[in-house]
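Please read it alongside the sequence and the structure.

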Amino acid sequence: MRGTRYRGDERHLPATAQISKSPRAAKPGGHDEPLETTAPGTVEVVRSRVALKRATDRCRECPIGEHATQAVCGEGPRKALVMLVGEQPGDQEDLAGKPFVGPAGHLLDRALAQLGIGRDKVFVSNAVKHFKFELRGKRRIHKTPTQREITACSHWLEDEIAMVQPQLLVALGATAARSLLGKAVPVMANRGQILQREDGRKVLITLHPSALLRVPPPDRDNAYREWLHDLSRINPH
């Protein structure tokens, strides 16, 4: 919901609600770009990408940010008509500070190109802004965010939505669908369908590209064609 704040396990608060000790507040004595406020202690929508990046980098509303290299915010045209939302940054995204630059991102780029949609025409982001992982030797292995972590991070995604004002949101996977719609959404039962948020924005449900990378090779081409069919409902013009 646009204009709604999500603070961990707290109830939903309006954008102008008084929130004390917010992790998003500027550092005392610092010169960070101000986060949109109208009165002391009042937290509103972050309207600058620079401010959003700084705020999410220092966010500790859940434990993930403590261990990630950096926050990874969305990128794309400021007023893109379409916003694609994934789950969280992966290892390569965490290191680069950019969304969808790893194998899943390359597959997404391939699909968009086949549909005649330039990556530079859409805004791409994630429901969770930090990389959650567990170490196995020297490798960082992806771990799915918990519901608490998704909820704690969802107000940052809402800030991006408020900033970009997309007409269509594309939920790539269950985490994105839950964050965008505020409830669990069975992806396989709803894939290719367009649902509606409480703010009236449309949400296209489909798989995350990483799910296709896990499909056994004999079935991968067919799975990709079905996914491409889902994405064909995007119209960025």
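The largest cavity is lined by C59, R60, E61, C62, V128, K129, H130, A152, C153 and W156, where a cavity is a set of points on a 1 Å grid over the protein atoms alone at which a 1.4 Å probe fits but cannot get out, and lining residues have an atom within 4 Å of a point. Six of these lining residues are nonpolar, one is polar and three are charged, with Ala, Val, Leu, Ile, Met, Phe, Trp, Tyr, Cys and Pro counted as nonpolar, Asp, Glu, Lys and Arg as charged, and the others, Gly among them, as polar. The space in the largest cavity is about 60 Å³, a volume being the space filled by probe spheres set on grid points that are joined across faces, edges and corners. The count of cavities of 30 Å³ or more comes to one.

The model is predicted, so local features need pLDDT of at least 70 and side-chain atom pairs count only at pLDDT 80 or more, whereas totals for chains, interfaces and linings use all residues. Residues are numbered from 1 along each chain as its sequence is written, and side-chain values use heavy atoms, with hydrogens and water left out.

## The largest pocket

The largest pocket has a volume of about 740 Å³; a pocket is an open set of points with protein on both sides within 12 Å along at least five of seven lines. Its lining consists of 30 residues, and E87, H142, H208, S210 and R214 are those nearest the centre of the pocket. By class, this lining has 13 nonpolar, 11 polar and six charged residues.

At least two lining residues come from each of α2 (91–96), α3 (103–114), β6 (139–142), α5 (174–181) and α7 (209–213), these helices (H or I, at least four residues) and strands (E, at least two) being DSSP runs numbered from the N terminus. Strand β6 gives the most to the lining of the largest pocket, with four residues.

## Sheet and hairpin

Five strands form an open sheet of mixed pairing, in the order β4-β3-β7-β9-β8, and two strands pair if DSSP finds at least two bridges between them. The edge strands β4 (123–126) and β8 (194–196) each pair on one side only. Strand β3 (residues 82–86) runs parallel to β4 and is joined to β4 by four bridges, with N126 of β4 as the bridge partner of G86.

Strand β5 (residues 133–136) pairs with β6 in the antiparallel sense over four bridges, and R136 has R139 of β6 as its bridge partner. The two strands β5 and β6 form a hairpin with two residues between them, and G137 in the turn has a positive phi of about 70°.

## Helix packing

The axes of helix α1 (residues 49–57) and helix α4 (residues 147–164) come within 11 Å and cross at roughly 175°, where axes are lines fitted to C-alpha atoms, for helices over the stretch in contact, and angles run from 0 to 180 degrees between N-to-C directions. Helix α1 is therefore roughly antiparallel to α4, a term used for angles over 145 degrees. Residues R49, L52, A55 and T56 of α1 meet W156, D159, E160 and M163 of α4, contact meaning heavy atoms within 4.5 Å.

Technical notes:
Angles under 35 degrees count as roughly parallel, over 145 as roughly antiparallel, 65 to 115 as roughly perpendicular and the rest as oblique.
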